Amino acid sequence: MSYDLHTHTNASDGTLTPEALVQQAHDAGITTLAITDHDTTTGLEEAHRIAKQLNLRLINGIELSVSWSQTVIHIVGLNIDPGSLPIQQGTIELNRLREIRAIKIGESLAKSGFENAYTGAKSLAGDATITRSHFAQYLVTQGCAKNVSKVFKHYLVRGKPGYVATQWASLENAVSWITQAGGIAVIAHPHRYKIGNKRFQNLLEDFKQYGGQAIEVVCSNSSQKDIVKFSRLSQRYHLLASVGSDYHGPHQNWNGLGKLPVLPNNLTPVWSLFQDQTIQLHDDQYH
Ligand code: AMP
Ligand code: MN
Ligand code: MN
Ligand code: MN
């Protein structure tokens, strides 16, 4: 069995269609895949059609944008019922905030001499949830920088002209939308947050208190040291352990799909909940 419980499609800022992502995951030997697009579940229906043909277990997922204590945190929801009202309403609101932010990013970049960035990013996004990645891709086409990571570094992060701070969902609301949808809330890519150990532990305490259940212990680019650190925290806080590549498509110079280290065997994997069928799998509404 091979698991990847954090991936993106072109319903948000991934480059592959849901169908192509599922096919690639299958080819990479993944047997259980979660699609976790930013603040949207629109890719899931198409993905389920091919997952069924390939006999791959597809977990309905999402990655919610959260503001916690002046820090942006991403919370993955696994095995959600996408038809659940609170998460539907929550994602509508988050997409409204994304649209407002995108317009402001465009205005701010225009002041720095980059005209039409909003229109450019919007046309790359199409019907997808608009993200900073779409701005980055557009700015690369305009020759602003050689690649997407350089655009982020020079234009799209805090302190740079295309950065616009936004108040996303609260941690409490995001976790509650997920749990009300029958899902499991997971702290995404914990090694990436630039907060100290003490604040990180405060985050875990709040997360637990609101009903959060898991943490990604193995991610793409997590070092051995990170894996040890987050394994310990998952044990100390009784959080289930998840594995996710955060794959966005073959353009990434690291290809996470199917290539992640295995979870240390002293941890309880989040999929123990799927296997024991202690929870209902929300994968039947598309069949
Ligand atoms: P947003 O949620 O719209 O603020 O965009 C966040 C997304 O941008 C993340 O999910 C990543 O896919 C991408 N991203 C953030 N930082 C970087 C970076 N330094 N290089 C490349 N992609 C990045
Ligand atoms: Mn992304
Ligand atoms: Mn993320
Ligand atoms: Mn992600």
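## Salt bridges and a manganese site: a viewing tour

The structure holds 4 salt bridges, a salt bridge being a side-chain nitrogen of Lys or Arg within 4 Å of a carboxyl oxygen of Asp or Glu. This is a predicted model, in which local features need pLDDT of at least 70 and side-chain atom pairs count only at pLDDT 80 or more, while totals for chains, interfaces and linings use all residues. Residues are numbered from 1 along each chain as its sequence is written, chains are lettered from A and ligands numbered from 1 in the order in which they are written, and side-chain values use heavy atoms, with hydrogens and water left out.

**Stop 1: Glu93 and Arg96.** Select these two side chains, which meet in a salt bridge with an N to O distance of 3.0 Å. Both residues belong to helix H3 (residues 85–111) and are 3 residues apart, so about one helical turn separates them. Helices (H or I, at least four residues) and strands (E, at least two) are DSSP runs, numbered from the N terminus. Glu93 is partly exposed at 33% relative accessible area, and Arg96 is partly exposed at 45%. Here buried means under 20% relative accessible area, exposed over 50%, and partly exposed in between (1.4 Å probe, protein chains only).

**Stop 2: Glu99 and Lys122.** Next, select Glu99 with Lys122; their salt bridge has its closest N and O atoms 2.9 Å apart. Glu99 lies in helix H3 and Lys122 in helix H4 (residues 117–125), so the pair ties together parts that are 23 residues apart in sequence. Glu99 is partly exposed at 24%, as is Lys122 at 28%.

**Stop 3: Arg192 and Asp246.** Now select Arg192 and Asp246, a salt bridge with closest N and O atoms 2.6 Å apart. Arg192 sits in the loop between strand E5 (184–187) and helix H8 (197–210), and Asp246 in the loop between strand E7 (240–244) and helix H10 (272–275), so this pair links distant parts of the chain, 54 residues apart.

Stop 4: Donors are N, O and S atoms within 2.8 Å of the metal (3.2 Å for Na, K and Ca); water is not among the atoms, so sites may look incomplete. His6 is buried at 0% relative accessibility, and His8 is buried at 0%. Finally, select the manganese ion (ligand 2), which is 4.6 Å from the manganese ion (ligand 4).
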